[in-house]
Structures are given as structure tokens and as C-alpha cells.
Amino acid sequence: ILKVPINTSEYYLIENRLRQTRVSSLDSFMVNYDTLFVQRSPDTHVITNVEEYDAGLPGDGLLIWHVDESVIRANLGSNTINTDPDRRGVDLEEADGAQDIGEYYGDFSGGIENGWYFDMWFAKNDGFFHLNPDYETDADSTIGFGTATFPATFTNSGAYTGISIIKIPEADSAVQIEITFNRKIPGFPVQCSGEAADKLLSIPGLPSNYLVNVVPNSGEADS
């Protein structure tokens, strides 16, 4: 497992998992992309037990976990670290961009809320490319998790991290990836005239809901 620090309380854990069975009797029955008959909480719908973890996986590839120690510390005593779907203590960054795990869609959902094939990070993942059609890949169709992908490497509070986990290859027993740290926010610094003061600017490269308030700076060009 590889730990990638985000800030003082948050980090990513990256693990390479392959679906395989080492026991004669399965507790999970795998059908196409879905994993059935896993145990989960009736209240939160979070998966609580799979006897054979590898057999219970819905596919092969990297799993990227987003851990927030501040949430864990605040809620561990009440056993509610993952009850807030908008800020979980341990959250899986699902490669298909959906936030299905822990939800409940009814008996005819196909089981995707238990985790499915496209949640894993691996090259040629159609679920990833469905929400990231303009992702600049290579001849091997590798994928990545960065500041401009969906999902993106922002903190739980929405802050820019500059972290990119790229060139994720096809699933294998051993894989090589690249991790880069670019703390400079795309589009900064912004140079504008004094007449732009107190206006909101949208910075290219950031999500559409990221706006910057421009404040005058001694009558000089604002940034």
C-alpha cells in the first residue's frame, strides 16, 4: 500500500488488487461486473464483511482510498466515520466518477452500490473515459487521477492539491505508476487592471464553481 499525503489530516492510500480465490467455498458469487451476497449495514449500506476479500472484489486494478483523519477522530467514538456521504473518513475514489458505494438503489440496481468493475483504476477503463472523454491518454490508454479529472484530487473541503496519479496501466500483479505534485494552481498568477477589483473571475483549469475575488493592491495591477 502506497501513502500519498494531501495535507496534515488527509492522504490517499493506493493498493493493487487482483480478484482471485484462495478458498474452496466462496462467500461471493461473481456475475459479469457485479459482486453479490456481500454483507453490509442495513442502516448505512456500507459493506461490512466479505470472508475472502480478493474473491469479493468486483474486478482488478488499483484502489485509491481517500482518508481524512480529522473525520475519523471526530466520529470514531460513535462509529459514524462514514455516515456522512459528503465527507467520509475513509472514501473510495471510484474511477468511474460515481459515488455509488454506500448508497442504496433498490433490489434492481445490479449491485453497483456494492462496488463494480469500473470502480477500479486500470487502463482502458470505459467507465473512466465515459466521464473523461477528453483525457489525454497514450497508446496504451492509461488513465489518471488528477486535478482536472472526474473524480479529482481535491481535499474534502474542495482545496486544490496539485496531486496527479497518472499512467495507470492495465491490471497486473505488479504495476508502475507516476505521481506528481504541482502546488501551483493553474491560471495563477492572474494579472488584471484596477477596474477588475471586487469582481469575480473564473480561472481556466479549475472547476466551474471556483471563483476568485480580485482585491485592489495599492493602485497597481491586481492578481
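User: In this predicted model, does Phe128 count as buried or exposed, and at what relative accessibility?

Analyst: The model is a prediction, so keep that in mind for every value here. Buried means under 20% relative accessible area. Phe128 falls under that cut-off, so it counts as buried, and its relative accessibility is 0%.

User: What is the geometry of the ring pair Tyr12 and Phe145?

Analyst: The structure holds eight aromatic pairs, and Tyr12 with Phe145 is one of them. Their ring centres are 5.3 Å apart. Planes over 60 degrees apart count as edge-to-face. Here the planes sit at 75°, so the pair is edge-to-face.

User: How many residues apart are Tyr12 and Phe145?

Analyst: This pair ties together distant parts of the chain. Tyr12 belongs to strand β2 (residues 10-17), while Phe145 is in strand β9.

User: Which residues do ring pairs link into a cluster?

Analyst: Tyr12 is buried at a relative accessible area of 0%, and Phe145 is buried with 0% too. The rings of Phe128 and Phe129 have centres 5.3 Å apart and planes at 80°, so that pair is edge-to-face. Put together, the cluster linked by ring pairs is Tyr12, Trp121, Phe128, Phe129, Tyr135 and Phe145.

User: What is the bridge partner of Ile166 in β11?

Analyst: β10 also pairs with strand β11 (residues 178-181), in the antiparallel sense and over four bridges. Within β11, the partner of Ile166 is Glu178.

User: What separates the C-alpha atoms of Asp60 and Leu18?

Analyst: Asp60 sits in the loop between α1 (53-56) and β7 (61-68) and is partly exposed, with a relative accessible area of 27%. Beyond four places in sequence, its contacts include Arg17, Leu18 and Arg19. Asp60 and Leu18 are 42 residues apart along the chain, yet their C-alpha atoms are separated by 4.6 Å.

Terms used:
Residues numbered from 1 in each chain as written. Predicted model: local features only at pLDDT ≥ 70, side-chain atom pairs only at ≥ 80, totals over all residues. Heavy atoms only, no water. Helix = DSSP H or I, 4+ residues; strand = E, 2+ residues; numbered from the N terminus. Buried < 20%, exposed > 50% of the residue type's maximum accessible area, 1.4 Å probe, protein only. Contact = heavy atoms within 4.5 Å. Pairing = 2+ DSSP bridges. Phe/Tyr/Trp six-rings, centres within 6.5 Å; stacked < 30°, edge-to-face > 60°.
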